[in-house]
Amino acid sequence: MNNTIAVIRGDGIGPEIMDATLRVLDAMKLGLQYDFVEAGLAAYEKDGELLPQATLDAIAKHRIALKSPLTTPVGEGFSSINVLLRRKFDLYANVRPAISFPNTRSRFPENVDLITVRENTEGAYAGEGQQVSEDGATATLVQKVTRKGSERIVRYAFDLARRNGRKKVTVVHKANILKSTSGLFLKVAREVAAQYPDIACNELIVDNCCMQLVMKPEQFDVIVTTNLFGDIISDLCAGLVGGLGLAPGANIGADAAIFEAVHGSAPDIAGKGIANPCALLLGAAQMLDHLARTDEADRLRHAIRATLEARDRVTPDLGGSGTTATFADAIIERLG
Ligand code: NAI
Ligand code: MG
C-alpha cells in the first residue's frame, strides 16, 4: 500500500492549517510519510516558478497529494495553479461532500448529507476572442461535452454511491436550453444509470435544483453534473452546511488524486493562528477513504463532529475563541 503522500503547505493560512492537520494525522498513528513540495506564491518567491517540476514529479510518483490553498499572484500571465494541476493529471472528478455538522452557522443543522460530483475537465469556458471596450465586452463561450468525459464522470458518481451505500444519484443539467451539450450529457447519463439498477436516478434542471437544495436539501444524496453547474452548486452546498471552513474537496483522476480544503489562502486572517483547520482535515478524511482506510477516515470525522458538538476550542468563524492549534488539540483528544 502507498504510505507516502506529497504535501503542499501552501500560502496564507495554508501552512497553519496544514501543520494542524498533520499533527492530527500523526496522532492517529497511520504510518503515513510526507514528501513536502512547494507550489504557489511560496514556490514563486523561492525559485520563480508557481508549479515547479519537482512538485509535479512528486505527485506523479506518490499519486496522492494533500494540498493547502495556494495564492495565484495578481498580474498578467499567471494561470490558476489549481487548473494547471487538474489538466496535468487529468483530475476529472471533483468530489465535494456536504454534511451537516452541529453548532455551525448553517440554517440546516441536521438534515444535509450529500456529495456533489462535478466534471472537472470539460464544460463551458471562455474561449478565444475576448474583447473589451468602453461600452461592453464580448467573448465566445465554448462548451465542450464529450461522450467519454460524460460517461466517466457519471460512472464515477454511481460507483461512489454504491461504495458508500448511497441510494440515489441526481443528474443535473440544462438540456432544455443547451440542447446539444447538456443534452448529450443527459443522454449518456441515462445510459449509464441503466447499468446501475440498484441505485435510483432522477434528473433535475439546474435552476430548479438550486431552489430544491435550499428548500429541501434532505432529498439529495449524490449529485452529478457538468463543470460550471458543479462549481456553483458545490459552493451552494458548502453554504448549506456552515460555510467554507467546513468544506473539503477532492480532485480525482485515474493516475493521481489531490485532496484539499475548498477555501482559499485567506490573506485577511493569515498569520493570526485563527484559521479553521476542519476543511483540510475533512479533505484528509477523504484521502483516507481513497486509500481504502475508511475506518480511520470515519474515526477522524467522528472526532471533528464531537469537537463541534462540544463547541470545544473552536475558531472564531464558528463563534468560538479557540485557535487553529487549540482546535486541533481538541480534535486529537477525541480521536478515541
Ligand atoms: P478565501 O476562501 O481565501 O477567503 C474568503 C473568506 O473566508 C475570508 O474572509 C477568509 O478569512 C474566510 N476563510 C477562508 N478559509 C477560512 C478558514 N479555514 N477559517 C476561517 N476563515 C476562513 O477566498 P479569497 O479571499 O477570495 O481568496 C484568497 C486567495 O486564495 C486568492 O489568492 C485566491 O486565488 C486563492 N484561492 C485558492 C484556492 C485554492 O488553492 N484551492 C481556492 C480559492 C481561492
Ligand atoms: Mg468555485
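Which residues line the largest cavity? I opened my notebook with this question.

**Entry 1: ground rules**

I noted that this is a predicted model, in which local features need pLDDT of at least 70 and side-chain atom pairs count only at pLDDT 80 or more, while totals for chains, interfaces and linings use all residues. Residues are numbered from 1 along each chain as its sequence is written, chains are lettered from A and ligands numbered from 1 in the order in which they are written, and side-chain values use heavy atoms, with hydrogens and water left out.

**Entry 2: the cavity**

Rolling a probe the size of a water molecule over the atoms shows where empty space is left. On a 1 Å grid over the protein atoms alone, a cavity is a set of points where a 1.4 Å probe fits but cannot get out, and lining residues have an atom within 4 Å of a point. Grid points are joined across faces, edges and corners, and a volume is the space filled by probe spheres set on the points.

I found 1 cavity of 30 Å³ or more in the structure. The largest cavity holds about 50 Å³ of space. Its lining consists of Lys67, Asn82, Leu85, Arg86, Leu91, Asn251, Ile258 and Glu260. Two elements give two or more residues to this lining, namely helix H4 (81-88) and strand S14 (257-261). H4 gives the largest share, 3 residues. Helices (H or I, at least four residues) and strands (E, at least two) are DSSP runs, numbered from the N terminus.

I sorted the cavity lining by class and noted 3 nonpolar, 2 polar and 3 charged residues. Ala, Val, Leu, Ile, Met, Phe, Trp, Tyr, Cys and Pro count as nonpolar, Asp, Glu, Lys and Arg as charged, and the others, Gly among them, as polar.

**Entry 3: Asn251**

I followed one residue of the cavity lining, Asn251. Asn251 lies in strand S13 (residues 248-252). Is Asn251 buried or exposed? Asn251 counts as buried because its relative accessible area is 4%, and buried means under 20%, exposed over 50% and partly exposed in between (1.4 Å probe, protein chains only). The side chain of Asn251 makes a polar contact with the side chain of Asn120, at 2.8 Å. A polar contact is a pair of N or O atoms within 3.5 Å; within protein, one must be able to donate a hydrogen and the other to accept it, and residues adjacent in sequence count only if both atoms are side-chain atoms.

**Entry 4: ligand 1**

I turned to the ligand and counted 20 residues around ligand 1 (a heavy atom within 4 Å). The closest are Leu70, Gly264, Ala266, Asp268 and Asn276. An oxygen atom of ligand 1 is 2.9 Å from a polar backbone atom of Leu70. A nitrogen atom of ligand 1 is 2.9 Å from a polar backbone atom of Asn276. The protein covers 65% of the 820 Å² of accessible area that ligand 1 has on its own (Shrake-Rupley method, 1.4 Å probe). The shell around ligand 1 has 9 nonpolar, 7 polar and 4 charged residues.

**Entry 5: the largest pocket**

I next examined open space: a pocket is an open set of grid points with protein on both sides within 12 Å along at least five of seven lines. The largest pocket holds about 700 Å³ of space. It is lined by 28 residues, and the closest to its centre are Ile115, Asn164, Gln286, Asp289 and Arg301. Which element gives the largest share of this lining? Helix H9 (278-290) does, with 5 residues. The pocket lining divides into 17 nonpolar, 4 polar and 7 charged residues.

**Entry 6: backbone angles**

Most residues other than glycine have a negative phi. Arg63 has a positive phi of about 70° although it is not a glycine. Arg63 sits in the loop between helix H3 (53-62) and strand S3 (64-67), and is partly exposed at 41% relative accessible area. Asn103 likewise has a positive phi, of about 60°. Asn103 is found in the loop between S4 and S5, and its relative accessibility of 34% makes it partly exposed.
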